[in-house]
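My notes follow the structure itself.

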Amino acid sequence: MAVKTALGIQDFGKIIEDNCFYVDKTHFIKEWWENGDAVTLITRPRRFGKTLAMSMMDYFFSIRHPGRSDLFEGLSIWKEPAYRKLQGTWPVIFLSFAAVKGNRFETAREMLCQQIVNLYTDSRFLLEEGFLAGEDAAFFQRISVTMNDAAAAESIRQLSRFLCRYYGKKVIILLDEYDTPMQEAYVNGYWEEMSGFIGRLFHAAFKTNPYLERGIMTGITRVGRESVFSDLNNLTVVTAASCMYETAFGFTGEEVLLALEDFGLMHEKEEVRRWYDGFRFGNCGGIYNPWSILNFLKFREFSAYWANTSSNKLIGDLIRKGNTDIKTSMEDLMNGKQLCAALDEQIVFSQPDMDSNAVWSLFLASGYLKITGSRTGRKGRKEYFLDIVNLEVRVMFENLFSGWFSPCRPAYSRFIKALLENDTEGMNGFMNELALAVVSSFDTGKHPSERAQPESFYHGLVLGMMTELDGRYVLASNRESGYGRYDVMLEPKDVKDDGIIFEFKVWNGKKEESLEDTVHAALGQIMDKKYAQSLKNKGILENKIRIYGFAFRGKEVLIDGGYLQDMLRETASW
């Protein structure tokens, strides 16, 4: 057994040299080489060993690491005599876009150029030995963080040419986390600039590069139908649905059981499965996230290790600012139900607002959802049943929804307390604090309507309340009951608790003189359309059902209501 379980080490050589815990994935080297593809794009969720695999490929193939049998002896690849001869024999260009993050295009561009500058710095011997002269030497010296677009686009291809001439062999290009700049560009609003810049770089490096032997690109998503890959027809794409390299990333169930046995933790195997199992690549199910397993082996405690390694900003934005269908589907998932959606593995980031199918496709690629089945939908299109992957991801979502209200956590917590105590005055005060602080963060687009903001906000409020009231209530929104669809319903799990219904309305100056009129309209709608019927059908009496109207005017909110039987008597006085 390995002496230690080290975390955060993505350098293959260091892991082997330090005798750290390592699951042998060197079979990937043979599988990839024998497939013979010109350029391979492999998508896997974050923390699934993509960077470590690329480091392993660099140590194996790169001419900078000759004679490193010490790193591979005892591993599966070294049992192949023919492959021993390949070790350390190829010029390799290895770079990562993992650190290319910025809220402005200029910042991200500079960071990306810095990665290219680092490559040229490592190859400065080409200049120092006098191998490059004339225009080639001049081009080499023009590479900088402020180089123009033309130099940047040509930088990888020209370096490939220099190395090919120097070593007499074509190069292998390894690009890790190619899509990080794409996701950052989408979130921060500079997609067009970044996709054009990277598209030109990729075209020269991977499409029109006669000095390229083979290439590998890794990322979380497959960016499709975009200028980034518009004419890269030599690209072999390996997504989670592909049967290629099924076990090269992530830990299989067998590998996890062997690790648990080595660490004396076999008695925890069922709980480990509940927390961390659930991923599937190709036909291989029962795949575990390596980061979570390594943390569990080290700390011997169950926690959301993987979910806590990233801010999940893109995922959070897509849910918070998403349409009603996206939020209600998330409610279903959190309530233990499945959703059914058509999927597209090619994520189209350039859409102004992703539709629900694109969102679920991204969630699937990112490892938050899993496919549990499929069916043939309308017009013969295949649809998939999706579910939250495991307990760890569920905890991540709970933390995400709760975090939406962190800027005003005291007011949010007091609103929940006032709601449970039927304290309408307190609900009004705390809800106005909440609305003032966070309604705008639930905007559904560049120009949200007065009506869209409250609707998006209250659906977000429901998702947040699900984490606060879990175990006590089942929360749902926009579901049918009586003669229509209520906005929000809290169904008690204990008969001692009240059932609660919310109706949200935006003040209409043409129909209503005041917010009080709007609240009365909301309460009247609950009663007229008999939204309480589904609660009654479950045996909850009128004296245990509370109804509330929420009236919005901008960020101003008025709440009124109480027990259904009392409100029915008061209706006549309005």
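The notes below go from the cavity to the helix and then to the cores.

The model is predicted, so I kept to local features with pLDDT of at least 70 and side-chain atom pairs at pLDDT 80 or more, while totals for chains, interfaces and linings use all residues. Residues are numbered from 1 along each chain as its sequence is written, and side-chain values use heavy atoms, without hydrogens and water.

Cavity. I searched for cavities, meaning sets of points on a 1 Å grid over the protein atoms alone where a 1.4 Å probe fits but cannot get out, and the count came to one of 30 Å³ or more. The largest cavity has a volume of about 50 Å³, taken as the space filled by probe spheres set on the points. I noted its lining (residues with an atom within 4 Å of a point) as L95, F97, I156, I173, L175, L201, F202, A205 and F206. The elements giving two or more residues to that lining are β3 (171-176) and α11 (191-207), and α11 gives the most, with four residues.

I then looked at α20 (residues 424-438), whose 15 residues reach 21 Å from first C-alpha to last, close to the 21 Å expected at 1.5 Å a residue.

Cores. I looked for nonpolar cores, sets of buried Ala, Val, Leu, Ile, Met, Phe, Trp, Tyr and Cys residues joined through side-chain atoms within 4.5 Å, where buried means under 20% relative accessible area (1.4 Å probe, protein chains only). In the largest, of 90 residues, W360, F363, F397, F415, M465 and F550 touch the most other members. Apart from it lies another core of 50 residues, among them I93, L112, L159 and W191.

Definitions and conventions:
1 Å grid on protein atoms, 1.4 Å probe; cavity = no way out; pocket = protein on both sides within 12 Å on 5 of 7 lines; lining within 4 Å. Expected span 1.5 Å × (residues − 1).
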